[in-house]
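This report describes a protein chain for a reader who is new to structural analysis. Please look at the sequence and the model first, and then follow the text section by section.

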Amino acid sequence: MTVKDYKDYHQVNVKDKMMRDGLTLLENSLDGFEGYDVVLNNSKDTKVVFYDKYDGRSDVKKIIGYVEDIELGNLFKINDENWLVTTYPEDNRVYRKAEVQLCNSTFPIESDKTEVLIGYDDYGRPEYDYQILTKDEPCIVETKYYFNNRNEQITLPEDRVMISMKYQKATNIATNKEFDLYESRFRITFIDYSQVINGKGIMTLTGERVMNK
């Protein structure tokens, strides 16, 4: 009689069981008191655990969710508020945990010229024009101070703003481009891409006031 080799049998089953148990615990938490139904990146309905960070800042919280949902730069709509993932997630292969910060403004993102239907001619044929479309991207605006990666408070010079948002390409995001914010005109003087990896993450614009409106 041949003796079967079971040396890896229990190890594989234990790992699978731990994953199943971990997902069960996560799903129970998502359905619990601190679980929220949210919209991810304006396109996907999902659930997260959303709770206070206990450091006195009401605009910064913790978030826990499925591994595929929690990425630096992801945007969650929670109770009609937009929250941006601002830290690299902690990952245990069952769930991810990260910090999110409340978006307090929007930035006008301009697209490339897009073909838009504007009507029909006398023969019923469609007529098109090329337009630049604009969307309001939720962002974090800091005007007096900001917190660096070591959670140190840094004072901003007068007439400067820092704007953090989900990384994306846009025709109006470039050095020396101007934009309107809080009834003033600003010029982009610097764009920090250090928190962008493989096309995902957060970009931070530094703006200098040009004039008051």
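Is Asp69 buried or exposed? Asp69 is buried, because its relative accessible area is 0%; buried means under 20% relative accessible area, exposed over 50%, and partly exposed in between (1.4 Å probe, protein chains only).

## Basis of the report

The model is predicted: local features need pLDDT of at least 70, side-chain atom pairs count only at pLDDT 80 or more, and totals for chains, interfaces and linings use all residues. Residues are numbered from 1 along each chain as its sequence is written, and side-chain values use heavy atoms, with hydrogens and water left out.

## The chain as a whole

The protein chain has one helix and 15 strands. These elements are DSSP runs numbered from the N terminus (helices: H or I, at least four residues; strands: E, at least two). Of its 213 residues, 34% count as buried.

The chain exposes about 14,100 Å², and carbon and sulfur atoms supply 47% of this area. Accessible areas come from the Shrake-Rupley method with a 1.4 Å probe, and for residues only the protein chains shown count as cover. Among contacts between residues at least 6 apart in sequence, 50% join residues at least 24 apart, where contact means heavy atoms within 4.5 Å.

## Asp69 and its partner

Asp69 is found in the loop between β3 (60–66) and β4 (75–78). Leaving aside neighbours within four places in sequence, Asp69 is in contact with Leu40, Lys44, Thr46, Asn74 and Phe76.

With Lys44, Asp69 forms a salt bridge whose closest N and O atoms are 2.6 Å apart. A salt bridge is a side-chain nitrogen of Lys or Arg within 4 Å of a carboxyl oxygen of Asp or Glu. The pair links distant parts of the chain, since Lys44 lies in strand β2 (residues 44–52), 25 residues from Asp69. Lys44 is partly exposed, with a relative accessible area of 33%.

## Further salt bridges

The count comes to 12 salt bridges. One of them joins Glu71 and Arg96, with the closest N and O atoms 3.3 Å apart. Glu71 lies in the loop between β3 and β4 and Arg96 in strand β7 (residues 95–102), so this pair ties together parts that are 25 residues apart in sequence. Glu71 is partly exposed at 25% relative accessibility, whereas Arg96 is buried at 17%.

Asp159 and Arg209 also meet in a salt bridge (2.7 Å, N to O). Asp159 belongs to the loop between β11 (153–155) and β12, and Arg209 to strand β15 (residues 200–212), so the pair ties together parts that are 50 residues apart in sequence.

## Aromatic residues

A pair of aromatic rings is described by the distance of the centres and the angle of the planes. The structure holds five aromatic pairs. Rings of Phe, Tyr and Trp (its six-membered ring) pair if their centres lie within 6.5 Å; planes under 30 degrees apart count as stacked, over 60 as edge-to-face and the rest as tilted. The rings of Tyr167 and Tyr193 have centres 6.0 Å apart and planes at 85°, so this pair is edge-to-face. Tyr167 lies in the loop between β12 (160–166) and β13 (178–181) and Tyr193 in strand β14 (residues 184–197), so the pair ties together parts that are 26 residues apart in sequence.

Tyr167 is partly exposed, with a relative accessible area of 21%, and Tyr193 is partly exposed at 39%. Elsewhere, Tyr36, Phe50 and Trp83 form one aromatic cluster.
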